[in-house]
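This report covers salt bridges and helix packing. Please look over the sequence and the model first.

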Amino acid sequence: MGKAPFGRGRGRNFNRGPRKNERIRVPEIRVIGPDGKQVGVMKTKDALDLAKQAGLDLLEVSPNARPPVCRILDYGKFQYEQSKREKDSKKHQAATRMKEVKFRVRIEEHDFMTKLRRAEEFLDHGSKLKITLMFRGREMQHQDLGFVVVKRAIEDLSHIGHLDSPPKLVGRNITTTMSPLPANKKQPLKYSHHHGEDPDEHDDEEHEHDEEHDEQEKE
């Protein structure tokens, strides 16, 4: 069995996904039934008729096998389940990422809430969160106030994340990390309206805001 059936137009089909139904043009295939059991090797036309009689599709799952392997299935359901697996995989990958939100001792209420909203979005999207509070100059004399700000942030995010370890002073920074709560323990978002959206696209804006704010406080 040669490659002739797929040689023609191969370059034009690379974005059309796996071959199914009439796009499967080899004369003979190995068929797997809707229940996952082997049906056997049969003519492609007969397999397609079998799929249509069941109201299902014939999908090529192993094009390089000899003969190619095809499954009889509900293609719409197959696409939905595949999309769901990809989303779950992305969430798992996001859980391994660490995002950071920085606070200051003298942070204004509006800025505090802005950063809290970003932190909530990171946790909602499955990322781990690093909370950092930076002391500048004589602010080191008020370490207790810094801990108050950090502990307030932790408490305000407790509906969406849990603390990994108590905040601690390292050099001139107070740091701690939080992890997202399991889906069945998460509560509705309190500060953001971007549930389920990837907050990464707003990172540049956030960093620009942080840098601008830091420069203002230096003055």
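## A bridge from loop to helix

At 49% relative accessibility, Glu22 is partly exposed. The model is predicted. Lys52 is also partly exposed, with a relative accessible area of 49%. The side chains of Glu22 and Lys52 form a salt bridge, 2.7 Å from N to O. Glu22 sits in the loop between H1 and E1 and Lys52 in helix H2 (residues 44–53), so the bridge ties together parts 30 residues apart in sequence.

Glu60 pairs with Arg19 in a salt bridge of 2.8 Å, N to O. This pair links distant parts of the chain, 41 residues apart. Glu60 belongs to strand E3 (residues 57–62), while Arg19 is in the loop between helix H1 (4–7) and strand E1 (28–32). Glu60 has 5% relative accessibility and counts as buried.

## Helix H5

Helix H5 spans residues 143–156, 14 residues in total. Its first and last C-alpha atoms are 20 Å apart, close to the 20 Å expected at 1.5 Å a residue.

Its buried residues include Phe147, Val150 and Ile154. The buried residues of H5 pack against helix H4 (109–124) and several strands, among them E5 (98–104) and E9 (173–180).

Within H5, Arg152 and Asp156 lie 4 residues apart, about one turn of the helix. They form a salt bridge, with the closest N and O atoms 3.4 Å apart. Arg152 is partly exposed at 34% relative accessible area, whereas Asp156 is buried at 18%.

## Whole-structure count

The whole structure holds 9 salt bridges. Arg104, Arg106 and Glu139 are linked in a salt-bridge network.

Definitions and conventions:
Residues numbered from 1 in each chain as written. Predicted model: local features only at pLDDT ≥ 70, side-chain atom pairs only at ≥ 80, totals over all residues. Heavy atoms only, no water. Helix = DSSP H or I, 4+ residues; strand = E, 2+ residues; numbered from the N terminus. Expected span 1.5 Å × (residues − 1). Buried < 20%, exposed > 50% of the residue type's maximum accessible area, 1.4 Å probe, protein only. Contact = heavy atoms within 4.5 Å. Salt bridge = Lys/Arg side-chain N within 4 Å of Asp/Glu carboxyl O.
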